[in-house]
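Open the model in your viewer and keep the sequence panel beside it. The stops below say what to select and what is there.

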Amino acid sequence: MDVFFLTMGAAMVLAMHAGFAFLEVGTVRKKNQVNALIRVITDFGFSTIAYFFIGFWVAYDINFFAPVAELNVMEGGTHGYKMVHFFFLLTFAAAIPAIISGGITERVRFWPNVVATVLLVGLIYPLYEGMIWNGNFGFQDWLSANFGAEFHDFAGSVVVHAMGGFLALGAVLTLGARLGRYTNTGKVNAILPSNIPFLALGSWVLCVGWFGFNVMSAGTADGASGLVAMNSLLAMVGGLIAALIAGKNDPGFVHNGALAGLVAVCAGSDIMHPLGALFVGVVAGVLFVYVFELLQNKLRIDDVLGVVPLHGVCGAWGGIAAGIFGSTSLGGAGGVTFMAQLVGTLAGVAIAIIAGFAVYMGIKATLGIRLSEEDEHMGADLAIHQISANPEEDMQTH
Amino acid sequence: MDVFFLTMGAAMVLAMHAGFAFLEVGTVRKKNQVNALIRVITDFGFSTIAYFFIGFWVAYDINFFAPVAELNVMEGGTHGYKMVHFFFLLTFAAAIPAIISGGITERVRFWPNVVATVLLVGLIYPLYEGMIWNGNFGFQDWLSANFGAEFHDFAGSVVVHAMGGFLALGAVLTLGARLGRYTNTGKVNAILPSNIPFLALGSWVLCVGWFGFNVMSAGTADGASGLVAMNSLLAMVGGLIAALIAGKNDPGFVHNGALAGLVAVCAGSDIMHPLGALFVGVVAGVLFVYVFELLQNKLRIDDVLGVVPLHGVCGAWGGIAAGIFGSTSLGGAGGVTFMAQLVGTLAGVAIAIIAGFAVYMGIKATLGIRLSEEDEHMGADLAIHQISANPEEDMQTH
Amino acid sequence: MDVFFLTMGAAMVLAMHAGFAFLEVGTVRKKNQVNALIRVITDFGFSTIAYFFIGFWVAYDINFFAPVAELNVMEGGTHGYKMVHFFFLLTFAAAIPAIISGGITERVRFWPNVVATVLLVGLIYPLYEGMIWNGNFGFQDWLSANFGAEFHDFAGSVVVHAMGGFLALGAVLTLGARLGRYTNTGKVNAILPSNIPFLALGSWVLCVGWFGFNVMSAGTADGASGLVAMNSLLAMVGGLIAALIAGKNDPGFVHNGALAGLVAVCAGSDIMHPLGALFVGVVAGVLFVYVFELLQNKLRIDDVLGVVPLHGVCGAWGGIAAGIFGSTSLGGAGGVTFMAQLVGTLAGVAIAIIAGFAVYMGIKATLGIRLSEEDEHMGADLAIHQISANPEEDMQTH
């Protein structure tokens, strides 16, 4: 029964990776669509390998090298529960490179990116994941002793999203902006997305899959909670409506706004009141729009899909918000403190920023991280994959 | 367990909204694709708000303003069952504007459409929903006393589909046809769809999600019925094959024909014999094709996606058919009468037609409902959203 | 409960048919996209009819003509379990024409193809299916007596995939190559795919749905196994990474490589060790790339999507591999023998090759199987369906 439950959850979060792929395909220029598709699925592949052989052991001190008869009943589970649990948690871990991918797209080299994926999913992510979700290093005990509660992150606002989003900050700054995005005279050139329907398709797939991400984070069918489902729904809706208005009816803002709400609700979806979740989503939608514009146009940070505001900023907001709207005084279920949420969130953000720079600067210094100017101009599709997104049509034209 | 069950159902019906979006994107002209995407997701957002704050209370006299601890066990449920039940029923309620959207697309104004959505999902739909599914106003008792049974609409052939489809009739007639669709000299100009693959994608998503719509209408995992699954399958197949033949192998007819069968099977899928369901689907497929052509070409009603025949006519047929093929004499499970089904269906259709004209004429008279000629000519994408479906490419061209 | 379990499985495998459709849409030329979409959904429709009225009875000696009250409890099930079991197994059966479709696309006639679908799903497939999964004809007893075990094919590497893939061999050879694909002078002309994002979309939908295909093959929620989920995951990843490398970063190879791993893991996913599954997937990915190139470029067999290597060769490899990696000496669960797997696989492949030639040669001789040169040149969309994939745009151009 619980195996069925987690299998559905894992399948839904696996589908989210298709969502990541199409959100990126729709947002990049056409000459980089194929590369976006291949990078996302390849990242998923290498994430699985890294998490299977290293990451899961780093976070939970479990590996899967015993014979099948033992694996089926390991850790007190039955029917191979621990293996589907691995699958479910892997789909979260693999979200890290999928998130970053949207920031570094259109100019990153292929194999150096794979190296980063392996380092992040095999090592960096499981370190923080284990700290929060497995009590490693005594961090939760320390928070509990000093701030009255453990850090509560039900479905990963911080563990997954803020981590991925702020890892992307180091990656994006290390890579630098796409050619022609910003001029020396201070001008900001818009680089238009290629395909709004694909962008919207990606967003829809992510939205639907998210209910697996959140609801199945309970781990067992008996733990499934209608509150989590409702809170996810209301935060999603709050985010999309807020981004619709703040973003002046722009399709990119509307469809990413729904995701902003979902990012922010992950941490506290099991303890906040539905009205709190709605409010958290509204704030996330507004945050996404304004931080996106701040980064892109004022700070000249070329985070193509806006993953720093979407996953980083909204994820951090979600971690903190769980400490506010989870309290019983606001109708929540309690068991959290504002300070524990704040400190836990800041720890995650700090680790992400530092690790992001370390990993990508390290790769830049050794393997190189950025496409040649010539390849970037030609587009990653032809430069790396020798094929474009619409080969039949493109061959006729040229 | 039941929470898991309904969560999967709600996620599948949520996915159907992506299906509605892509069915519309593929059928409209390219200059209105972005608008179709944004309207569908925005309608979903405002539907959630309207149903959360008003509609659910109108239909079931329940709201969600108590603290979380109480919400989790309200109405005798556990694990927040009532909240996921809300989510599931919301995805049905939100289908109302999603259905209408396909009829009024390419010429409707944005915010007046949102006002209509709020009125319909907050008020009109829950009135009829409550009458049928919650026994409000004594309508079911009256049918029972006079026609031998209550009105049986298992998964909403009438409550959702005929309601949405016939609400759209008033909307479409109030708006009038798209510019250039019909000439004063009696000529009918074909307005060609932009993208058949997107249309087909939308149809597939709807088909798959429909099994959540139908099977999970049981409400509890223990109530799930293989009969409902099989009947839905056979009606879908009957509809698609009938529309393939009646529609002369046209992709729009084939892919909508599958939906026609699914619309019609909702009401009686839990009581009809599989052979009855197959027949009901075949009739629905044929009905869709011929009524579509009648409305578009003879009656000059510019219902762009054919939602009046698809949801309205096939939904009404489904409501009535449950009274025929649900009877034990035709191998069904019984418990229904033809007259109760007929009267219940006609009541739904009448309410929908009246409310549709009232709401849209009211909005037309106050806010205005139709885009200016200039905006309609330019397309809703650029007029409302300042962006087209393929911005990179469109900017190069122009 | 088990009804819910199989309903989710059936819905996921139903979704795979959308995946088959888009994989084909993306790979064919644009002038055949609409035809690919309609053929896949129509094949599904006629498969349902053929399997409902004939095929299920051929394989399992069960039909559904009793009244509903009896159907709900037939074969000792409750809640109509046997009907959802039918639905689940139908989605497998309907995969046969969906697999073949990718080989014969761009030149097959419409209604003769429907006739083939009915023959294959109504008769050929259920014969072998019944032999393996229902013990018909004493084949399993004979294997057991002579080779120490029955033929083990948990989720259909051979029953579904090798069967479909090798049926396609006869179909493809009967049809002959597309016009202009190979010249008399020995030249091989590349025919480029139309749309890589659609190809990738199809692959993703198939990957996600596959977890329903594999995990739900347990038949009951209590039989769901985390081992199956993990093995499917690792084989998918092994296939995609191997095909990425062997296929030199080509999007078609990467996205089909994931499927190759999944095809190969079906047979032994419930008994192999995860490391065995990973290895099986890696081999499948490499096999797909090299056999694809062998067939297309050396043997001049115009199997458009490469369904013979993908489903045929990798399926047969999966059947045999279950006999290797399922053994306890390699950490597996045992209960299989190499020889039983080899013989069972070869029997399936032999039946498929013979039946494929028989059915398609028979249809060629009677109804004709191939489009006229004129129609093939014009494209199946305009020739058969009188519409193209982007009607609005195509009308403006021409």
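How many residues does helix α12 of chain B have, and how far does it reach from its first C-alpha to its last? Select residues 274-298 of chain B: the helix has 25 residues and reaches 35 Å, close to the 36 Å expected at 1.5 Å a residue. The expected span is 1.5 Å times one less than the number of residues. Helices here are DSSP runs of H or I of at least four residues, strands are runs of E of at least two, and both are numbered from the N terminus.

Before moving on, note what kind of model this is. It is a predicted model, in which local features need pLDDT of at least 70 and side-chain atom pairs count only at pLDDT 80 or more, while totals for chains, interfaces and linings use all residues. Residues are numbered from 1 along each chain as its sequence is written, and chains are lettered from A and ligands numbered from 1 in the order in which they are written.

**Along α12**

Stay on chain B and colour by burial. A residue is buried if 20 or more other C-beta atoms lie within 10 Å of its own, exposed if 12 or fewer, and partly exposed in between, with C-beta atoms placed from the backbone. By that count α12(B) is mostly covered, since 18 of its 25 residues are buried. Step just past α12(B) to Arg300(B), which takes a positive phi of about 55 degrees.

Now go to chain A and select Lys298(A), which is in helix α12 (residues 274-298) of that chain. Is Lys298(A) buried or exposed? Lys298(A) is exposed, because it has 9 other C-beta atoms within 10 Å.

**Chain A as a whole**

Taken along the principal axes, the C-alpha atoms fill a box of roughly 60 × 50 × 35 Å.

Of the 398 residues of chain A, 69% count as buried. Two residues are in contact if their C-beta atoms, placed from the backbone, lie within 7 Å. Among the contacts in chain A with a separation of 6 or more, 79% come from residues 24 or more positions apart.

Colour by pLDDT, the predictor's confidence in each residue, from 0 to 100. The mean for chain A is 96, and 99% of its residues reach 70 or more. For the complex the predictor gives an ipTM of 0.97 and a pTM of 0.98.

**Two loop residues**

Select Glu106(A), in the loop between α5 (95-104) and α6 (110-133) of chain A. Glu106(A) is not a glycine, although its phi is positive, at about 80 degrees. Glu106(A) counts as buried because it has 23 C-beta neighbours inside 10 Å.

Then select His79(C), in the loop between α3 (68-71) and α4 (81-93) of chain C. His79(C) has a positive phi of about 55 degrees and is not a glycine either. With 22 C-beta neighbours inside 10 Å, His79(C) counts as buried.

**Where chain A touches chain C**

Show chains A and C together. Here 45 residues of chain A are in contact with 41 residues of chain C. On the chain A side, the elements that give two or more residues are α1 (2-27), α2 (33-60), α3 (68-71), α4 (81-93), α16 (380-385) and α17 (391-397). Of these, α1(A) gives the most, with 11 residues. The residues of this side divide into 32 nonpolar, 10 polar and 3 charged. Ala, Val, Leu, Ile, Met, Phe, Trp, Tyr, Cys and Pro count as nonpolar, Asp, Glu, Lys and Arg as charged, and the others, Gly among them, as polar.

**The axis**

Finally, show chains A and B. A rotation of 120 degrees with 0.0 Å of shift along its axis superposes chain B on chain A, with an RMSD of 0.0 Å. The two copies are thus related as by a three-fold rotation axis. Copies are superposed by least squares on the C-alpha atoms of residues with pLDDT of at least 70 in both. To find the axis, select Met8(B), which of the residues of chain B comes closest to it, at 4.9 Å (C-alpha).
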